[in-house]
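Biologist: I would like to go through this model feature by feature. Please give the general idea each time, then the case at hand.

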Amino acid sequence: MLVEYTSIFFIKNTWLGVYSKCYCRRKRIKGDVNMTIAEVSKKLELSADTLRYYERIGLIPPVPRNKSGIRDYDENSIGWINFIKCMRKAGLPIEVLIEYVTLYQLGDSTKEARKNLLIEQREELISKIEELKETLEYLNKKIERVYTIDIEKSIKERSCIIKK
């Protein structure tokens, strides 16, 4: 049986001083029920080609296969796909995620390395957010300046019409 649930995270937007909702939709399999690639593709809104690609390049661990050699996605596989989707949505590079998956597969001895990798990526995201804030501020000033000029120009044109 497939159960859908949504995790809601609140992220503080420090430059606007508000909290934003971030939804991470996850689909979870309960029990021994496994799914084919077509079912996973439909439920997780990823193409079958993308799922095969993720597995081929090591972005997700190898998916178990049934006796016929067909991919048989279990709860663990779905969890990895959800993790990768969420991290890609946040902008993490594929290479970093492949490294993370590789480290994870090596076991608990790599826990600290995985943590450091994620901390490094968090720092890069914070840096990107700062750059975006600066760009947004520049854009806001540009819009304000152009809008103000348009209003002043419109007022001058109207006053010229009235004086004639």
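Biologist: How many helices and strands are there in the protein chain?

Modeller: First, the basis: this is a predicted model, in which local features need pLDDT of at least 70, side-chain atom pairs count only at pLDDT 80 or more, and totals for chains, interfaces and linings use all residues. Residues are numbered from 1 along each chain as its sequence is written, and side-chain values use heavy atoms, with hydrogens and water left out. Helices (H or I, at least four residues) and strands (E, at least two) are DSSP runs, numbered from the N terminus. The protein chain has five helices and two strands, in the order β-β-α-α-α-α-α from the N terminus on.

Biologist: What share of the residues in the protein chain is buried?

Modeller: Buried means under 20% relative accessible area, exposed over 50%, and partly exposed in between (1.4 Å probe, protein chains only). Of the 164 residues in the protein chain, 23% are buried. Accessible areas come from the Shrake-Rupley method with a 1.4 Å probe; for residues, only the protein chains shown count as cover. The protein chain exposes about 12000 Å², with 56% of it supplied by carbon and sulfur atoms.

Biologist: What share of the contacts with a separation of 6 or more comes from residues 24 or more positions apart?

Modeller: A contact means heavy atoms within 4.5 Å. In the protein chain, residues 24 or more positions apart account for 44% of the contacts with a separation of 6 or more.

Biologist: How many aromatic pairs are there?

Modeller: A pair of aromatic rings is described by the distance of the centres and the angle of the planes. Rings of Phe, Tyr and Trp (its six-membered ring) pair if their centres lie within 6.5 Å; planes under 30 degrees apart count as stacked, over 60 as edge-to-face and the rest as tilted. The count by this rule is five aromatic pairs. One is tilted, because the rings of Tyr53 and Tyr54 have planes at 45°, with centres 6.5 Å apart. Tyr53 is partly exposed at 32% relative accessibility, whereas Tyr54 is buried at 10%. Elsewhere, ring pairs link Trp80, Phe83, Tyr100 and Tyr104 into a cluster.

Biologist: How many salt bridges are there, and which residues do they join into one network?

Modeller: A salt bridge is a side-chain nitrogen of Lys or Arg within 4 Å of a carboxyl oxygen of Asp or Glu. There are five salt bridges by this rule. One of them joins Arg65 and Glu55, with the closest N and O atoms 3.8 Å apart. Arg65 is in the loop between helix H2 (48-56) and helix H3 (75-89), and Glu55 is in helix H2, ten residues apart. Glu55 also forms a salt bridge with Arg71, at 2.6 Å between the closest N and O atoms. Because Glu55 lies in helix H2 and Arg71 in the loop between H2 and H3, this pair ties together parts 16 residues apart in sequence. Glu55 and Arg71 are buried, while Arg65 is partly exposed at 43% relative accessibility.

Another salt bridge is between Glu130 and Lys133 (2.9 Å, N to O). These two are three residues apart in helix H5, so about one helical turn separates them. Glu130 is partly exposed at 34%, and Lys133 is buried at 17%. As for the network, salt bridges that share partners join Glu55, Arg65 and Arg71.

Biologist: Which residues make the nonpolar surface patch?

Modeller: Patches are made of residues with over 30% relative accessible area and no salt bridge: like charges are joined within 9 Å, nonpolar side chains (Val, Leu, Ile, Met, Phe, Trp, Tyr) within 5 Å. Leu136, Leu139, Ile143 and Tyr147 make a nonpolar patch of about 390 Å². Leu139 lies in helix H5 (residues 111-163) and is partly exposed at 45% relative accessibility.
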